[in-house]
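Student: I have a structure open and would like to go through it piece by piece. Can we begin with how the strands pair?

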Amino acid sequence: MQISDLPYADPGVPDARSGPRFLWWLGRNQTGGQLRSLAWGLLHFITVMTLPYGVGFAVQAVVERSGSRLALAGVMLVVSGVGIALGDTMLHRTAVTNWITAAARVQQLLARKTAHLGAALTRRVAAGEVVAVSTGDVEKIGWFVEAVSRFTAAALTVVLVCVGLVVYQPDLGLVVAVGVPLVGLGVLPLLPRATRLADAQRDKAGKATELASDTVAGLRVLRGIGGEELFLDRYRRASQDVRRAAVRSARMWSLISAVQVLLPGLLLIAVVWHGLGLVRDGRVAVGELVTVYSAVMLLGYPLRHFEEIAMAYSFSRPSAKRAARVLSLERDTAGGAIAGPSDAAGVSEATEVPEVAEAPEVAGLSGAPEAAFAAPGGPEHAVVPSGDLYDPLTGLLAPEGRLTAVVCGDPDEAGRLAERLGGHAALDTPTPSVRLGDAQLDALPLATARTAVLVQDKDPVLLSGTLRELLDVPASGKVTVEDALAAAECADVLDALAQNSVDDDPMEAPITERGRSLSGGQRQRLALARSLVTDPEVLVLDEPTSAVDSHTEARIADGLRTLRRGRTTVVCTSSPLLLDRAERVVFVHEGEVAAVGVHRELVHTQPLYRAVVTRETDAEQQDRERGTDSPRIGSTDSDRAAGGKTSARVGASDLGLDIEETA
C-alpha cells in the first residue's frame, strides 16, 4: 500500500479485544510495508557498521605502508557511504509510508464505526474522547507501527555485529558480546514507571481535549449565561495538570536517555582499556583495536532504537487501548418474540391497532411492499420495509402514512425514544426492537434500517460547504429541494445566504462548520429541509422547531403536514402549534404511553398532558379549577382588569382551547 492508494477500499475488521492485540493486528495487516522497511533498514544499519572495518583496514594499511590495501580501504568506505545514503533514504520513505498508512487505516476504522453507531456512540464515549482518538492517538499508534520495522532492523544489526566481532577478534569481541545485551536491556527497570507516567499524561491530555471540545461546542450558550470564565478556569487547571504530568514523564524519559548514553560509554571504556592491554601484549593489532573501538562507538546508533521502541510502545499502548474501546462497540440487535402493539390500558381511539407478526428473516422481508426502493449505497435488491411503526418498550404506535406527535415530560426521554425509533438501539441495556411493519429494525442491515427510518435529533449538525452540497443527500427523488426549503420556511435564510454568495445564488453560498454563521432557528430550518429532501419511509423529528418563532413555526407545521402527506412522520415535541396540526397525539409518561388522541381533546381531558404542553403549575391548575386566574409574570394591570382575556386570546388557539370558554 502506497500513500497515493489511500484511502483503503476496505480497512478490514480489527481485533479490538485489547490495545496490544489491536497494535498486533495493525502490524500484521501491513506486512508488505514492514518487510520493505526492514530490508532497507538492514541495508542502512549494516553499511553504517561496515565503516569501522574500513577505517581499521585503512589504519592497518598505513601502519604496514601498503598503498594497495589503503586504496582498497578507500573503495570500501565509498561503497559504505553509497549504501548508507541509499538505505537511509529508502528507510525514511518506507517508514513514513508505514506511519501514514497505519494512521489512515485507524482513522477509516474510527470513521466507519462512528457512522455505524450514529448517535448511540456518544452515550458510551464522550465526543472529546473520539476527537482525541482520531487525532493525537492515531499519530501515536502510527508511530509504533512504523518503529517496529526499524527496531527489528537495528536489533538484527546489533546481533550480526556482535557475532562478526567475535569472529573477527575473539578477545575483544567477547567483551562486546557480553556488554551489548546489558546496554540494551539496562533501561528495562525504568520502563514500567515511565509507562505509568506516560499513561497518566495521556489520560490528563485526553480529559483536557474533551473539556476543550465540549467548551467550544457550547461556546454560544456559555456566552449567553456568562459562563466563559468558569469554563476557562476549568481548562486552565486541566492544562496545568497536563503540563505537570508531561514534566514528570519527560524527567523519566530524560533519565532513560542518560542511561542510554552512560552504558555505551562504560562499555567503550572497558573495550579500550582491555584492548590497550592486548595491544601491549602483541595479541591484537592496532588496526583491529581501531575497528572494534569504532564498531562499539557506532553501536550506539542502532541501540538508540531500543529506547525509541520502548517510548513508542509506552505512548501508543494507551492510545491503542482507547481506539480499541471505541472500535469494540457494537450495534445491539434485539431478539426474541415481542408482543403485538397496544396503547396504554384504558386508552381508546377511533383508529384500530393492528396486530404485528413476528419479524421474518433478514434475507427476505415478506412484509415489504413491491414499491420499496433500494437502500442508498446498498445492493439494488435490498428492499425497505413499510407499515406501522411500533415501539414495544413504550407501547407507542405511529400508523403508516399519518403525522403522529409524541409528547414526553422529560426531554431526554424524548431524545432516547427518537433514537430507538430509528433503530439505534441503546448500547448499555438491551431493549426490544422497534418494528416497522413486520420487520425488526435492529435486525435489519444498517443501510436498510437507515433508509427506512430517518431520525433528526434536537441538535442536528450542518457540515461545512455550500447549501447545494448540504442538501445533496441520498433521497427518493420525489421531493425537490425547492419544495423542501419552502416547507421548512427557509425563504429568509435563502435571502441571507444570497448576500454572502458571489453571484447572489443562495445555493452556492458557503456554510461554515456546524452552521455557526447562522442563528439557531436558521440552522434548524435548513436541517429540517435536508431531512425533507431525503423523503424517507418514516421521518422522526425531535423538537424540530424549538428555536423558531411562533409565526414561522405555524407555517412550518402546515408545510410539514402537506409535504409529508401519505408518509409516516413522528414529531417529538411539546409545541401546541405542531400538536394542533398532528393527526394523532401520543402522550408518553414515565416511559409508557399514557394517552392517545388529538391535541384539543387531550388538553382538556388529561391534566398531566396539559401541564406539559401549557407549562401549567399546580397553583395555576388549582386556581383554574376554582374559576380564578393567577396573575401571569409580565402581565399588565389592564390585562388583569380584563379578566385574563388578553392572555387567553394570545395563546388559546395555539393550545387548542375555546376562547370564550377560557375567558
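Tutor: E3 and E11 pair in the parallel sense, over five bridges. Two strands count as paired if DSSP finds at least two bridges between them. Helices (H or I, at least four residues) and strands (E, at least two) are DSSP runs, numbered from the N terminus.

Student: Before we go on, what kind of model is this, and how are residues numbered?

Tutor: This is a predicted model, in which local features need pLDDT of at least 70 and side-chain atom pairs count only at pLDDT 80 or more, while totals for chains, interfaces and linings use all residues. Residues are numbered from 1 along each chain as its sequence is written, and side-chain values use heavy atoms, with hydrogens and water left out.

Student: Back to the strands. Which residue in E11 is the bridge partner of Thr404?

Tutor: Arg584 is the partner of Thr404.

Student: And what joins E11 to E12?

Tutor: Five bridges, with the two strands running antiparallel; E12 covers residues 592-597. Val586 stands opposite Val596 in E12. The hairpin of E11 and E12 has two residues between the strands, and Glu590 there takes a positive phi near 55°.

Student: How many residues of E11 are buried?

Tutor: Five of its six, so the strand (residues 584-589) is mostly covered. Buried means under 20% relative accessible area, exposed means over 50%, and partly exposed is in between, using a 1.4 Å probe and protein chains only.

Student: Where else does phi turn positive?

Tutor: Asp535 has a phi near 55°, a positive value in a residue other than glycine. Asp535 sits in the loop between helix H16 (520-534) and strand E9 (538-542).

Student: Is Asp535 buried or exposed?

Tutor: Asp535 counts as buried, at 4% relative accessibility. Glu543, in the loop between E9 and H17, also has a positive phi, near 50°. Glu543 is partly exposed, with a relative accessible area of 23%.

Student: New topic. Which residues of H20 are buried?

Tutor: In H20 (residues 607-614) they are Tyr609, Arg610, Val612 and Val613. These four are on the same side of H20 because they cover an arc of only 165° around the axis. The arc is that of the directions from the helix axis to the C-beta atoms. Arg615 follows H20 and has a positive phi, near 60°.

Student: What about Leu303 in H10?

Tutor: H10 spans residues 300-327. Leu303 is buried, with a relative accessible area of 6%.

Student: What does Leu303 touch?

Tutor: Val158, Val180, Val183, Gly184 and Gln260, leaving aside residues up to four places away in sequence. Contact means heavy atoms within 4.5 Å. Leu303 and Val261 are 42 residues apart in sequence and 9.9 Å apart in space, C-alpha to C-alpha.

Student: Last one: how many cavities of 30 Å³ or more are there?

Tutor: Four. A cavity is a set of points, on a 1 Å grid over the protein atoms alone, where a 1.4 Å probe fits but cannot get out; lining residues have an atom within 4 Å of a point. Grid points are joined across faces, edges and corners, and a volume is the space filled by probe spheres set on the points. The largest cavity holds about 50 Å³.

Student: What lines the largest cavity?

Tutor: Leu403, Ala405, Ala557, Leu560, Val571, Leu578 and Ala582. Strand E3 (403-408) and helix H17 (550-563) are the elements that give two or more residues to that lining.

Notes: 1 Å grid on protein atoms, 1.4 Å probe; cavity = no way out; pocket = protein on both sides within 12 Å on 5 of 7 lines; lining within 4 Å.
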